[in-house]
Amino acid sequence: CWDDEWAHVAGDVVMAEYYFWKAFLYLRKEDYVKGGMQLRTTWKQVEANHHRVVTVLVEQGHLHRDANGQLSSKPASVGADGVGGPAENGGSLNISHELEGPEVLGLPKEVQAVLGVHQFGLGIFMLTFEQIPPSLRWLSKILGFSTSLGSTGAAEMRRSGEMLSPRRDWARVVVAILDGFIHENFAVLDSLGEELLAKYETSAIVRMLVGYYYRIAGKLPESDAMFYDALGYSRDIPQWEITIEYERGYNAWLQLDWQKATEYVTNFMNRSEMKAYKAHAAYMLACCAHMMGEPKARIDKYLQEVPKFAREKQVWDRYGLRKSKEYLKKGIHRFDEFYIPATNLVEAKQFDRANEYLDKARTVLVDAKQYKSRSTRDEHKALYLMLRGLVLLELHDLEKAQSTLEELFKMKGSVKQETYTIPFGYITMAELCLELSPPRIAEAKTYRDKGKAVGDFDFDN
C-alpha cells in the first residue's frame, strides 16, 4: 500500500523516465538540439527527485541527519527541529553510502520499488557524465549537470540492483558490464548471463546482451552463437535483425575472418536505413578487401563511402573518416597489414597472437625502404609502442611493458596524427603501476591524470 508521499515521488520518477526516453528518441534521430534540451529537462527532474527522495527518507525515519547535516542509517544527534542539518547548508545527499541494502533497513517494498527506479536513472546519468570525453565536456555545463549529490554512477547502480524494483535486473546488467569491461570480472558476467537467459527465455535483448558479455570476455565463438540465437526471437523487428548482422560481422572482424566479416557487414550496409555504424562498417569493408587482395578500385570505393555516414560526435566515425582520407591519399601501408590484425586480436583477448603480429609490424618499422617520410614512420612507431606496451602488460611482462611505454612518451612531440597513442599510453602505464609489487598508487594517479588532461584526439572517451 503506497502512502501519499511515495505515490507523489513515484509519479515524478516515472516522469523523469519519460523525459529520458523522449531525449533518447531525439538523439537517435540525430536531432541533437532537441535531444540536448530534453536531456537538460530530464536531469533537472532527476535532481529534483533526488532531493525529494532524501527528504521523504529522513521524514519517515529510514535515514537520519546529524547536527552537521550528514546522512546516516542510524539515529544520531540531530538539529533543534529533530531532523538535522539541511542539505542546502552543506548536508549530505548521498544515500547510496548509507543504504546498506533493503534487508538491513527493512524498507517497505513500495519504497524499494520507487527508490530502485530512481537510483537506476540517477546512476545512468552519473555514469554517462563521468565518462564524457573531453570533446563533449561543454555539454555537461549546458545541461546543468553537477556532482553535488555526492555519489557515483556505479554506487547508485549497485544499490538499485539490490532494490526490489522494476529496474533491478537492468541495474545488475549495468554493474556486470562495468565489472567485466573495466575490472575484467568475467565470472560475474557469466553468472548473470546464465541467470537472465533462464529468466527471460524468449528475449532477443537478453541474448544480445549475453553476446556482448561473451565478446568482452574474449569468447567470440560463444558470442556469435548467442547473436545467432537472438535472430530467432527478433524476426518481427527488422532493425534488430540488421543490427545482429553487424555484430556478427564485427565478431568475424575480430577473429580476422575477412571473408565472413565482409558478408555480414555488406548485408548490414545494404539493409540498414540508419547512419549508425555505417561509417566504421565501410572502413572495415575497405580493410577486409585489402587483406583479401581485392583490387584498389574496390577498396577505394568502400573508403569513399565513409564520409557519407560519419557523425562528428562519434569517436569511431571520426577515426574511420580520418583513416579513410589517409588511405585514399597514400594507400594502406604494409605496416597496417599487421597492425590492424593486432588491434583486433587485443580486443578479442588473444594477446599471444597479437604479439606475433606486432613482431611482424616491427620488421616493417625497421626497414627504411618501407618509408618515404620520417613522419609516417614516427606515427607508425607510436602506434606500435602503444599497443606493444598494452600487450606486454596483459602478458605480465611488466619490465618490458614499462620500457616500451617510456619510449612512447619520448615521442610526444613528434606524433601529429595518431595523437591518441600518448594518453592511451599514460592510462596503460597507470594500470601497470597498480600491477607492481607493491603497487605504486601515487604514480598510477599521476599517469591517470596525465591521460585525462590530454584533449583533442581520436577515441577521447
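Start by selecting residues 204-216 and 220-231: these are helices α9 and α10, which pack with their axes 8 Å apart at an angle of about 170°. Angles over 145 degrees count as roughly antiparallel, so α9 is roughly antiparallel to α10. Look at how they cross, too: the crossing of α9 and α10 is left-handed. Keep in mind that this is a predicted model.

Now show side chains at the contact. On the α9 side, pick Ala204, Arg207, Met208, Val210, Gly211, Tyr212, Tyr214 and Arg215. Across from them in α10 sit Leu220, Glu222, Ser223, Met226, Phe227, Asp229 and Ala230.

Next stop: the rings. A search of the whole structure turns up 20 aromatic pairs. For one of the pairs, select Tyr246 and Tyr250, which are stacked, with 6.3 Å centre to centre and 25° between the planes. Where do these two sit along the chain? Both belong to helix α11 (residues 238-254), and because they are four residues apart, about one helical turn separates Tyr246 from Tyr250.

While you have them selected, are these tyrosines buried or exposed? Tyr246 has 5% relative accessibility, so it counts as buried. Tyr250 counts as buried as well, at 8%.

Terms used:
Residues numbered from 1 in each chain as written. Predicted model: local features only at pLDDT ≥ 70, side-chain atom pairs only at ≥ 80, totals over all residues. Heavy atoms only, no water. Axes fitted to C-alpha atoms, helices over the stretch in contact; angles between N-to-C directions. Helix = DSSP H or I, 4+ residues; strand = E, 2+ residues; numbered from the N terminus. Parallel < 35°, antiparallel > 145°, perpendicular 65-115°, else oblique. Left-handed = near helix turned anticlockwise from the far one by under 90°. Contact = heavy atoms within 4.5 Å. Phe/Tyr/Trp six-rings, centres within 6.5 Å; stacked < 30°, edge-to-face > 60°. Buried < 20%, exposed > 50% of the residue type's maximum accessible area, 1.4 Å probe, protein only.
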